[in-house]
Amino acid sequence: MTVYKAPLNDYKFLFHEIFDVVEVCNRLGYENLDREMIDMMTEEWSQFVIDVWKPSNSDGDKIGSQLKNGEVISPPGFKDAWKQTVESGWLQSVCKEEHGGMELPLFFRNAMDEPAISCNMAISVVAALSLGVYDIISSHASQENIDLYAAKIGSGEWCGTMCLTEPHCGTDLGLIKTKATPQEDGSFTITGTKIFITAGDHDLSDNIVHMVLAKLPGAPEGSKGISLFLVPKFLSEGDELSSEKNNTSISGIEDKMGLHGSPTCVLNFDSSKGWLVGEENTGMALMFEMMNRERLATGMMGLGLGEIAYQNALAWSLERRQGRDLRGMKDLDAPADNILVHPDVRRMLLKAKVNCEGTRALGTWIGILLDEMKRGDEETKKHATSLIALLTPVMKAYSTDVGCQSASLAIQTMGGAGYCSEYGVEQFYRDARIAPIWEGTNGIQALDLVGRKVTQNFGHNLRHLMWPLLEFIEENRAIEEMVEFNKPLHKSVKGLQQLTLLLMAEGAGNPHFLAAGATDYCTYFGNTLLAYLWARMARVCINAKANGSATEFHEAKLASARVFFAEIHPDNVGLAAKIVAGHKHLMSYPEASF
Ligand SMILES: Cc1cc2nc3c(=O)[nH]c(=O)nc-3n(C[C@H](O)[C@H](O)[C@H](O)COP(=O)(O)OP(=O)(O)OC[C@H]3O[C@@H](n4cnc5c(N)ncnc54)[C@H](O)[C@@H]3O)c2cc1C
């Protein structure tokens with residue numbers, strides 16, 4: 001049995017000492033939320049997923065979802081966990097009031113993802129997809145479909161999916177072949193095959209509502225001619241579900257590396273009845289709205305799985321005894337010291353820990369920006385929208401890359417036990433490995449960042465990021481205790497500006513130069529954002545020390561900041577060198593010699 005404790009103290013620190021979420025709530029019209037309420041909800045939700053979701057996580061992996069007679073059967077424990085989730089009202093709490101919810105802030109919804117993923121990623125993706133479908137339906141579907149579907153999907157009573165990928169296209173969705181044919185009653189028939197559809201079928205809910213990308217007759221070529229359709233598994237008359245399926249069928253579920261509890265389905269639509277969501281040919285824009293939210297949730301997957309992997313590796317390291325401290329025996333009564341005495345073991349554990357703490361800070365900041373984008377005044381909205389455009393691909397790619405790295409470090413820390421399924425940690429690595437691939441691969445996120453988001457709005461997005469960073473650097477320049485954090489931060493910010501200019505200048509004439517540097521640029525970008533957040537966290541701890549309010553937690557956070565700047569941030573030097581090296585060594589490599 002794996003161990004897990006929700007990082008509640010870290011969330012308290014981020015919510016109240018770094019970002020002041022109570023002020024955010026008051027400013028944005030969530031006045032009924034005070035500090036006690038926010039902390040209580042964070043604690044209660046975390047305990048809920050520990051008690052209700054975590055117990056079935058290992059069976060989810062070992063037994064997995066199974067296809068029997070064309071129906072997907074969930075692993076033992078999943079149905080009951082989902083039933084309790086629906087009954088608890090937790091999912092619905094983030095929905096609009098008219099759909100039975102409390103419209104809780106998005107920063108809270110984002111934070112809720114972390115313990116949920118740590119405890120059972122396979123169930124958490126059903127929740128994330130259903131809430132994503134709720135968002136799209138409640139904002140863009142016809143009133144009739146909002147009335148029929150929104151509250152049921154928001155509560156989890158019915159579930160949702162997103163159906164983009166087809167056998168011949170994943171990244172390049174302009175190639176999709178699924179067809180939509182208009183009917184006289186205003187509905188459409190949908191025909192085509194979608195593959196890799198997460199939770200495309202299961203027995204957790206009575207109905208599943210698919211959001212399907214398809215092409216109308218005569219639609220423009222490529223991604224400009226794609227529309228979005230709502231296609232339920234079962235049609236319904238009021239609350240009464242039809243006993244016949246809406247011509248949907250599952251012809252297989254994938255056998256895959258991890259995430260066995262989550263069925264990845266081949267889903268066929270054979271003249272299934274559906275309804276247009278939004279305007280014709282705006283499907284990609286609407287799906288991107290959903291995907292941007294899912295991309296942030298995917299970023300949280302790296303964090304959730306990295307965190308639980310780290311916690312288990314730490315528990316192992318405290319027990320496992322091998323060798324002696326190089327500076328002399330630590331535990332004279334034992335035949336060997338625990339492995340935490342070894343610098344290399346500490347390096348691995350601390351890197352994983354600091355990866356998690358840093359991406360948690362980034363996720364929290366992004367959550368607040370989402371609320372500001374939704375409810376802020378004009379100026380705030382503009383600022384938040386620019387930052388979200390930049391930070392979404394970075395959060396998705398950086399956080400999932402370091403999440404996999406953390407889970408891999410946790411395995412390495414545990415030696416052979418890390419690799420063996422009895423100890424549970426290898427599952428976290430296998431589960432985490434999908435996150436850099438789905439929702440647009442990390443390579444595509446990097447191209448989106450450097451090829452679109454940085455240049456969008458005549459470079460305004462980047463300027464919106466540079467203002468707070470440069471202001472912070474200036475404010476802290478004269479504070480002696482901040483030099484060790486502020487100086488490397490300043491170096492990276494200057495480097496980011498120079499690398500951006502280089503990529504834009506060289507990339508304008510040669511797109512291969514831009515594309516070859518994209519992934520390293522995205523990582524450099526992520527390291528720089530984290531340098532800023534770590535410097536901010538360090539500043540709060542230094543202040544607490546100065547005014548005598550520092551606790552053990554602040555000392556530890558300051559120590560984590562030092563680990564970041566010594567172990568992770570220096571990677572920017574190598575990343576910059578690789579970006580500057582350009583594309584020639586890649587593109588001139590003879591194809592026949594690959
Ligand atoms: C477990 C699982 C669950 C999934 N769930 C869903 C789901 O619920 N709904 C859904 O619709 N899809 C889902 N997917 C599909 C997933 O989103 C795609 O696999 C992913 O977007 C990549 O597409 P692909 O597999 O076709 O890879 P490809 O598009 O074939 O890409 C292969 C490689 O080429 C690179 N590449 C492709 N094009 C470019 C380019 N223009 N420039 C640079 N590099 C490029 C990619 O980065 C990648 O490294 C799921 C996949 C898996 C494995």
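Me: Which domains does the shell around the ligand draw at least three residues from?
Reply: Domain 2 (160–281) and domain 3 (441–594) each supply at least three. Keep in mind that this is a predicted model.

Me: OK, and how is the protein divided overall?
Reply: There's domain 1 (8–154), then domain 2 (160–281), then domain 3 (441–594).

Me: What distance separates the centres of domain 2 and domain 3?
Reply: Going by C-alpha atoms, their centres are 39 Å apart.

Me: Back to the ligand. Which residues come nearest?
Reply: The ligand has 18 residues around it, and the nearest are T165, T171, F196, T198 and T441.

Me: What does the side chain of T171 do there?
Reply: One of its N or O atoms sits 2.5 Å from an oxygen atom of the ligand.

Me: And where do the backbone atoms of L164 and G170 lie?
Reply: For L164, a backbone N or O atom is 2.8 Å from a ligand oxygen. For G170, a backbone N or O atom is 3.4 Å from a ligand oxygen.

Me: How much of the ligand does the protein bury?
Reply: The protein covers 61% of the 980 Å² that the ligand exposes when taken alone.

Me: Which elements give two or more residues to that shell?
Reply: Those are β3 (159–163), β5 (188–198) and α14 (442–453).

Me: Which one gives the most?
Reply: That's β5, which puts 3 residues into the shell around the ligand.

Notes: Residues numbered from 1 in each chain as written. Predicted model: local features only at pLDDT ≥ 70, side-chain atom pairs only at ≥ 80, totals over all residues. Heavy atoms only, no water. Near = heavy atom within 4 Å. Polar contact = N/O pair within 3.5 Å; in protein donor to acceptor, adjacent residues only side chain to side chain. Areas by Shrake-Rupley, 256 points an atom, 1.4 Å probe, with all protein chains shown as cover. Helix = DSSP H or I, 4+ residues; strand = E, 2+ residues; numbered from the N terminus. Domains from an automatic or database assignment.
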